[in-house]
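Please look at the sequence and the three-dimensional structure shown here, and keep both in view while you read the paragraphs that come after them.

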Amino acid sequence: MNMNREKTIAISGAGGLIGSHLTKHFLSKNWVVIPLGRKDFAGSFEALVEKIEQADVLINLAGAPIIKRWTKKHKEEIYNSRILTTRKLVHTIEIAKKKPSLLISASGVGIYDQQCVQDEYSNQFAGDFLGKVCMDWEFEAEKASTFTRLVIVRLGVVLAQAGGALKTMLPLFRFGLGGKIASGNQPFAWIHIEDIVSAIDFMVQNQEAKGVYNLVAPGLINNRQFTFALGKALNRPTLFTVPAFALQLLYGEAAITLTSGQKVVPAKLEKENYKFLFPEINQAFTNIVRA
């Protein structure tokens with residue numbers, strides 16, 4: 001990367017929770033940020049190539065929401081918004097005369113099965129819908145490794161005050177209506193939004209960083225511990241239980257994303273001496289509640 005000129009980063013999904021935080025972060029570092037939206041992917045391929053050719057780094061975050069009833073139509077949207085977008089971006093990099101020196105492409109911890117503790121070297125993948133989405137998503141991204149440095153980030157549940165999982169949860173918990181989901185024993189792989197931004201910046205700066213990274217906090221917790229920690233930070237009781245059948249009525253097949261989970265650890269980030277800003281759930285909630 002030429003350090004003598006202004007650096008440029010292109011972000012698909014720049015308007016989302018992670019994309020908006022990354023945009024703010026890189027703008028503060030005097031980078032030029034090129035947001036890539038639906039119009040860019042639906043429009044002229046040549047125009048998209050022109051934008052990609054300006055970028056030193058490309059971050060691919062595009063994807064339809066997961067926590068929503070999985071009708072046949074929405075399943076197609078979840079799949080196509082990830083796989084087809086990634087395929088198009090990789091093809092863009094392939095034919096670009098000036099290629100980004102790094103592609104960071106999102107994936108999810110839903111790629112793993114629920115049987116044991118999973119690090120980046122695990123190949124025990126889930127056989128369900130989300131597992132297939134993540135595997136196909138990564139398969140498309142992997143094609144870019146021929147042309148540029150590639151990092152795939154498998155994201156846990158993102159914790160932030162102004163969006164993501166806590167957007168609907170915080171008001172309920174503030175009124176003392178929060179509680180565990182089903183048994184509460186299901187693993188809960190999470191990460192603070194500031195650690196996502198910090199870890200991605202770490203990957204941008206570290207030229208040796210490549211391959212798959214689990215973007216989750218290092219401590220393993222379950223849904224019950226998550227619930228208790230949020231209630232404690234808000235000084236509110238957490239007496240309620242959201243039964244599994246109620247979630248199934250509301251979300252259908254998608255309820256599995258709330259009633260099950262994966263035990264995931266960030267082995268590569270720890271091996272490369274990344275220092276988490278919020279390694280513990282109590283610390284993360286204290287920060288979010290006071291923000």
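Predicted model: local features only at pLDDT ≥ 70, side-chain atom pairs only at ≥ 80, totals over all residues.

Side chains of opposite charge can pair when their charged atoms come close. The structure holds eight salt bridges, and one of them is formed by the side chains of D201 and K29, with 2.7 Å from N to O. These two partners come from distant parts of the chain, since D201 sits in helix α7 while K29 belongs to the loop between α1 and β2, and 172 residues separate them. D201 has a relative accessible area of 12% and is therefore buried, the limit for this being under 20%, whereas K29, with a relative accessible area of 33%, is partly exposed.

A second salt bridge brings together the side chains of R87 and E140, at 3.0 Å from N to O. Because R87 lies in helix α4 (residues 72-95) and E140 in helix α5 (residues 129-142), this pair ties together parts that are 53 residues apart in sequence. R87 counts as partly exposed at 41% relative accessibility, while E140, at 4%, counts as buried. E140 also forms a salt bridge with K143, where the closest N and O atoms are 3.1 Å apart, and K143 is partly exposed, with a relative accessible area of 37%. Through these shared partners, R87, E140 and K143 are joined by salt bridges into one network.

From here you can turn to the second largest pocket, which has a volume of about 210 Å³. Its lining consists of 13 residues, and those nearest the centre of the pocket are H21, A160, H192, I193 and E194. The elements that contribute two or more residues to this lining are α1 (17-28), α7 (193-205) and α12 (281-290).

What does a residue with 0% relative accessibility look like, buried or exposed? L269, which is placed in helix α11 (residues 267-271), has this value and counts as buried. Leaving aside residues up to four places away in sequence, L269 touches A199, F202, M203, Y213, N214, L215, Y274 and F276. Between L269 and G37, by contrast, the C-alpha to C-alpha distance is 30 Å, and the two are 232 residues apart in sequence.

Methods. Residues numbered from 1 in each chain as written. Heavy atoms only, no water. Helix = DSSP H or I, 4+ residues; strand = E, 2+ residues; numbered from the N terminus. Buried < 20%, exposed > 50% of the residue type's maximum accessible area, 1.4 Å probe, protein only. Contact = heavy atoms within 4.5 Å. 1 Å grid on protein atoms, 1.4 Å probe; cavity = no way out; pocket = protein on both sides within 12 Å on 5 of 7 lines; lining within 4 Å. Points joined across faces, edges and corners; volume = space filled by probe spheres on them. Salt bridge = Lys/Arg side-chain N within 4 Å of Asp/Glu carboxyl O.
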